[in-house]
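Work through the following exercises with the sequence and the structure open. Each task is followed by a solution in steps.

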Amino acid sequence: MDFLTNGHNAYLESFFYTLMLFLVSGVLSLVLGTILVACRVGPVAVLRVAGGWYVTIVRSTPLVVVFALFQFAAPMLGIRFGWVQIHIGTVDFTSFFAVAVVALTLYTSTFVCEALRSGINSVPLGQAEAARAIGLTFGGTMSQVILPQAFRASVPPLASVLIALIKNTSVAYIFGVGEAVAQMRIMTNNYASERVPIFLTFAAGYIVIVFVVSFFANHLEKHWRTA
Amino acid sequence: MSASVLFDSPGPRTRTRHRLYSVAAAVLLLLGAAWVARGLNDHGQFAYAKWEPFVTPSYVQALLVDGLLKTLEMAVLAIAGAVILGAALGLGKLSEHRWIRWPSAAVVEFFRATPVLLLMIFIWYRLGINEDSSGFLAVVFALTLYNGSVLAEVLRAGINAVPKGQSEAAYAIGMRKSQVMSVVVVPQAVKIMFPAIIAQCIVALKDTALGTAVLAPGLMYVGKAIYNEQHNQVPTVLVVAFLYVTVNLLLLWLATWAQKKYVGEKKLVVPMVGAADTGSAV
């Protein structure tokens with residue numbers, strides 16, 4: 001197990017990078033996904049149609065293609081990330097990180113949108129009618145009756161989307177980001193005789209992150225189900 | 001639009017207001033589109049020379065035959081393998097014997113929680129990265145293992161979604177477990193699972209694009225070859241995206257049709273990785 005004795009720092013750093021990719025693009029996806037779902041279920045026809053098209057098209061495009069398209073087209077639109085220069089310890093977050101975050105966000109937000117929409121759709125119409133019947137205003141109906149139920153119902157699909165995002169951060173490797181898969185390739189080359197343990201060790205890293213997210217989501221869901 | 005959970009049916013004044021918002025939103029969206037188009041145009045992305053390859057027969061043939069066809073081939077092989085593996089693992093997870101159930105569950109959870117790309121690269125190295133066909137096979141095997149594990153969960157959720165009375169009635173008339181499964185439960189479960197399986201085809205098809213990391217053939221590979229030669233990155237990636245989206249939309253339409261025809265309103269809920277055993281339809 002030479003790769004671990006010599007490389008445990010590199011291993012941890014690469015997963016720190018993966019985790020940062022996940023956290024930053026996860027938060028941004030939730031924000032953009034919420035905006036998208038507001039467009040899709042709102043009363044403005046043009047936004048509803050545009051949101052629907054965006055979600056359908058981006059969801060049917062492979063993440064690699066979204067990445068490539070953004071990477072090639074962004075500089076032409078004047079979108080550059082040269083200003084991103086964050087260094088935490090020996091880990092550098094530069095324009096590569098920023099491009100990966102934007103591509104992951106553009107892609108994941110469409111799935112967030114659909115997860116939230118399924119939550120909204122799961123609230124029975126009678127709930128809204130009853131809320132209006134007892135004289136609640138639009139704001140009251142939303143904040144007291146509809147959105148709490150819709151949000152609770154969308155926790156399981158949202159968790160699945162976030163879990164997929166954790167695994168999708170690996171695609172950033174193809175575009176030169178030094179995250180966990182990139183580190184695995186380096187180690188696979190350097191310690192050719194230990195490929196199986198290297199693979200299992202890196203898979204274990206992802207499995208731990210996935211199970212932590214899954215655990216929290218389960219906990220939230222159970223907590224709210226009994227409430 | 002008659003009744004919505006979110007807002008009351010709008011009256012005449014609100015409708016006028018919504019129309020105004022629609023116009024404003026349309027203007028903003030058009031401005032955005034114009035900004036993107038201008039940026040691309042300033043860099044000559046709409047020049048005929050950049051698009052010429054896509055009306056040149058030899059390039060079109062390369063895209064469709066070496067690209068799309070290979071991609072579809074990988075996806076079809078992977079899904080075929082995944083259905084078989086998924087059936088085996090799914091039945092394994094439903095087994096009454098602990099020594100079958102636990103290993104099946106472990107395998108399913110492992111491959112569902114591991115990124116496909118990681119798996120693909122590992123298999124690629126195992127097959128030998130200098131072999132001609134290793135990229136192709138790495139994509140097929142990795143996607144088989146991942147999608148097979150997902151389909152195992154789909155199968156279990158589908159079988160659990162068949163009303164309990166069905167198997168109880170079958171047992172009551174004296175059928176064995178194997179008969180109950182093969183004659184009564186599985187035929188009904190397959191109907192419920194059909195849309196989910198087609199949806200998984202879309203996932204598999206999209207994931208074939210990851211093959212670019214292991215030098216596998218397919219749309220991305222051909223696209224790369226074209227833009228390395230012609231230096232028309234944006235048009236090429238747009239064409240590749242268009243081809244992927246077209247096939248995926250066809251599959252999506254098929255899934256929606258199957259949902260309407262075989263399942264109806266019910267939605268199959270596949271539990272997430274690491275979730276407690278609550279796979280059932282609601």
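**Chain A and conventions**

From the N terminus on, the order of elements in chain A is α-α-α-β-β-α-α-α-α-α-α. Helices (H or I, at least four residues) and strands (E, at least two) are DSSP runs, numbered from the N terminus. The model is predicted, so local features need pLDDT of at least 70 and side-chain atom pairs count only at pLDDT 80 or more, while totals for chains, interfaces and linings use all residues. Residues are numbered from 1 along each chain as its sequence is written, chains are lettered from A and ligands numbered from 1 in the order in which they are written, and side-chain values use heavy atoms, with hydrogens and water left out.

**Exercise 1.** Describe chain A by its elements, extent and burial.

Step 1. Chain A has nine helices and two strands.

Step 2. Its C-alpha trace spans about 70 × 45 × 30 Å along the principal axes.

Step 3. Of the 227 residues in chain A, 50% are buried (under 20% relative accessible area; exposed is over 50%, partly exposed in between; 1.4 Å probe, protein chains only).

Step 4. Take contacts (heavy atoms within 4.5 Å) in chain A between residues at least 6 apart in sequence: 77% join residues at least 24 apart.

**Exercise 2.** Characterise the interface of chain B and chain A.

Step 1. Count the residues: 57 of chain B are in contact with 62 of chain A.

Step 2. The buried area is about 5,200 Å², with 77% from carbon and sulfur atoms; this is the accessible area (1.4 Å probe) that two parts lose on being put together, summed over both.

Step 3. Eleven residue pairs, both at pLDDT 80 or more, are in polar contact across the interface (a pair of N or O atoms within 3.5 Å; within protein, one must be able to donate a hydrogen and the other to accept it, and residues adjacent in sequence count only if both atoms are side-chain atoms).

Step 4. On the side of chain B that touches chain A, the elements giving two or more residues are α1 (12-42), α4 (98-113), α5 (116-127), α9 (219-230) and α10 (233-263) of chain B. The most comes from α10(B), with eleven residues.

**Exercise 3.** Which residues form the salt bridge between the chains, and where do they lie?

Step 1. The rule finds one salt bridge across the interface (a side-chain nitrogen of Lys or Arg within 4 Å of a carboxyl oxygen of Asp or Glu).

Step 2. The partners are Arg132(A) and Asp8(B), at 3.6 Å, N to O.

Step 3. Arg132(A) is partly exposed at 22% relative accessibility, and Asp8(B) is partly exposed at 49%.
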